[in-house]
Each structure stands twice: as structure tokens, then as C-alpha cells.
Amino acid sequence: MTIATSFTAAPVMEVFASIQGEGAYLGEPQVFLRLRGCPLRCTWCDTPASWELPAEPTARLVTAEGPARRDSWATPFQAACWLRECEPGVERTISVTGGEPLAWPGFLLALRGMVGERRMHLETGGAHPETLAKVLGAFDHVSLDLKLPEDLDPSVELEARGLPEDARPTSERAPTDADGWTYARRRLLALLVEHDACAKIVVRGGRGFRDYDPLLEDLARLAPRMPLFLQPVTPMRGVPAPDQDLLLDLVEAARELELAVRVTPQVHRLLRLP
Ligand code: SF4
């Protein structure tokens, strides 16, 4: 499979400094670069405004002088400048999030060159293994979502028509069925087994703990030392939070497989941080 990774611009949705609310670096002050565009439709997504590319998108920057709006399409150099503009004090770890950042591989690779030696983390929905293989070296840490296909509405690929000339989204399509998700999950875990990475499962109500067996078993088999974070969903749009029994049963199922499992809420939401 050929993946387009040429030097390119990407649509920035927002840049802001905050506290990491999820995963292995939970609680760390970071500066966030959120990119627009995501083909997935997680039923519990808390950033649906990041899915599509509006006709004239703007980026929201939270700078020392207050919020500002800029043209969303940014080169890696522009994005690196915005990151410095938005982080108070000394440099923070950069968290590249979305949307799905892997939609823009050429931008990610070039951004690495613009930010020097500082730490750069990636948050990915886990649908683009071939693209991750291309850009993995640019990141010091990867937070990988493991998803149940039944938690997803049908995906909607980004429409390449109408994008600026220097915007080249990945040519890799998101999985469309359970077999495709199994392949993507296994390939991603195999890629990340020797990398600084963590796995995250968002847990919603209405599921049985055995539903998660394929995810846990793949993790135990392919990346047994990767920390696993179970994150109860923040109830929204009719998606219920999991009950206590589901979470506790899931923890036991993970422990039986000798996984390093932790249950953490979305801390930035609890603290009402951006
Ligand atoms: S991958 Fe992330 S941005 Fe995309 S739909 Fe799922 S939660 Fe939302």
C-alpha cells in the first residue's frame, strides 16, 4: 500500500495549553495541537466538531493575550510557531490530537523537524496502521484507542475534492468491518510493542465485559507490557456511562490476562479544563 506523506499543510482546529486528561501521562501539563478531520464516528465522541472540514475553517488559539482566530490551514512551521505562542513558560510536551491526526502524515513528519528534540505525543483512534508505520519515528509516545466495532457508526472518509493544493490526506482508509478492525488492531499493537505507548478503551454502558475479550486478548498476546487504561465514557447524546459491575468485571478480565490495567475518568472533563 502506498501512503502519501509529502510535505503538506493540515487543518488546525485549536491550539491550547492544558493538563493531559487521559492515558499514561494523565495530569501532565502539555500543549495540545488538535487537527481537524476524522473518518470515524465513535458513538461517544466528545469532539464531533473535529470530524469535518468546514468550507472556511478557522483555528482557535488560546494565547497569553487571550483567544484568537486564524486561518485553519497551517504549515508545520506555522503550527510550531502557534505552539510556542500558546504555551506559557517553559516548553511543554506537545500532544497532537484530533480528530484523527494520522489523516495528515506529511504534516506530522515535517512538524517533528520544526519542534526539535522536545517530546511529541500522538493520540490516535487506531484505524490507520500503515500510516502510523510511516510516522511513528516522529513521536515519543503514542496513545492508541482500542475500539469495539459496535461502538462505531459507519465511517465517513474525508473528501479530497476541494482541499487546498498542499493538503494531502492519507490514502489509507479506515476499516469498514469487524475483520478490518481486527487486522488494524493487531498491526498497530505489533508496531507499538517496542515503543513508548499505552492502550485506551473507552467503556460505555450497554456492553457486556466479554464483548471486550478480543481487544484484551490481542493486547495480552501482542503487547503484554503496554499499559491499559479503561475510561468510563462521559454520558452524552444518549450514550450511558457503564455501571460499576461492567467496569469491575472488565478489570478482572484484564488482570486474568496479566495486563497492567488502570481505570481513569476523563480528568480534564472532571476539572472542566479544555
Ligand atoms: S476517533 Fe476520536 S475524533 Fe474520531 S470519532 Fe472517535 S473519538 Fe471522535
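**Strands and a core in a predicted model**

Colleague: What makes strand β9 (residues 141-145) count as largely enclosed by the rest of the structure?

Modeller: This is a predicted model, and in it four of the five residues of β9 are buried. A residue is buried if 20 or more other C-beta atoms lie within 10 Å of its own.

Colleague: How many residues of strand β8 (residues 120-124) are buried?

Modeller: Five of the five, so β8 too is largely enclosed by the rest of the structure.

Colleague: And how do you know that both faces of β8 are covered?

Modeller: Look at the two sides in turn. Met120, Leu122 and Thr124 lie on one side, His121 and Glu123 lie on the other, and all of them are buried. In a regular strand, side chains alternate between the two faces of the sheet.

Colleague: Why are β8 and β9 said to pair?

Modeller: Pairing needs at least two bridges between the strands. β8 and β9 have four, in the parallel sense, so they pair. You can find Leu122 opposite Val142 of β9, and Glu123 opposite Ser143.

Colleague: How does the chain get from β8 to β9?

Modeller: Through helix α3 (residues 129-135), in a β-α-β crossover that is right-handed.

Colleague: What makes strand β7 (residues 93-97) a partner of β8?

Modeller: Three bridges join β7 and β8 in the parallel sense, and the cut-off is at least two, so these strands pair as well. Ser95 stands opposite His121 in β8. Here the chain crosses from β7 through helix α2 (residues 105-114) to β8, again in a right-handed β-α-β crossover.

Colleague: Which residues have the most contacts inside the largest nonpolar core?

Modeller: Val12, Val15, Leu33, Leu83 and Leu219, in a core of 71 residues. Strand β11 (residues 197-203) gives the largest share of this core, six residues. Leu83 touches Val15, Val31, Leu33 and Ile94, leaving aside residues up to four places away in sequence.

Colleague: What is around the ligand?

Modeller: Among the residues there are Cys38, Arg41, Ser50 and Glu100. The shell divides into four nonpolar, five polar and two charged residues.

Definitions and conventions:
Residues are numbered from 1 along each chain as its sequence is written. This is a predicted model: local features need pLDDT of at least 70, side-chain atom pairs count only at pLDDT 80 or more; totals for chains, interfaces and linings use all residues. A residue is near a molecule or strand if its C-beta atom, placed from the backbone, lies within 6 Å of it. Ala, Val, Leu, Ile, Met, Phe, Trp, Tyr, Cys and Pro count as nonpolar, Asp, Glu, Lys and Arg as charged, and the others, Gly among them, as polar. A nonpolar core is a set of buried Ala, Val, Leu, Ile, Met, Phe, Trp, Tyr and Cys residues joined through C-beta atoms within 7 Å. A residue is buried if 20 or more other C-beta atoms lie within 10 Å of its own, exposed if 12 or fewer, and partly exposed in between; C-beta atoms are placed from the backbone. Two residues are in contact if their C-beta atoms, placed from the backbone, lie within 7 Å. A crossover is right-handed if, with the strands pointing away from the viewer, the path from the first strand over the helix to the second runs clockwise.
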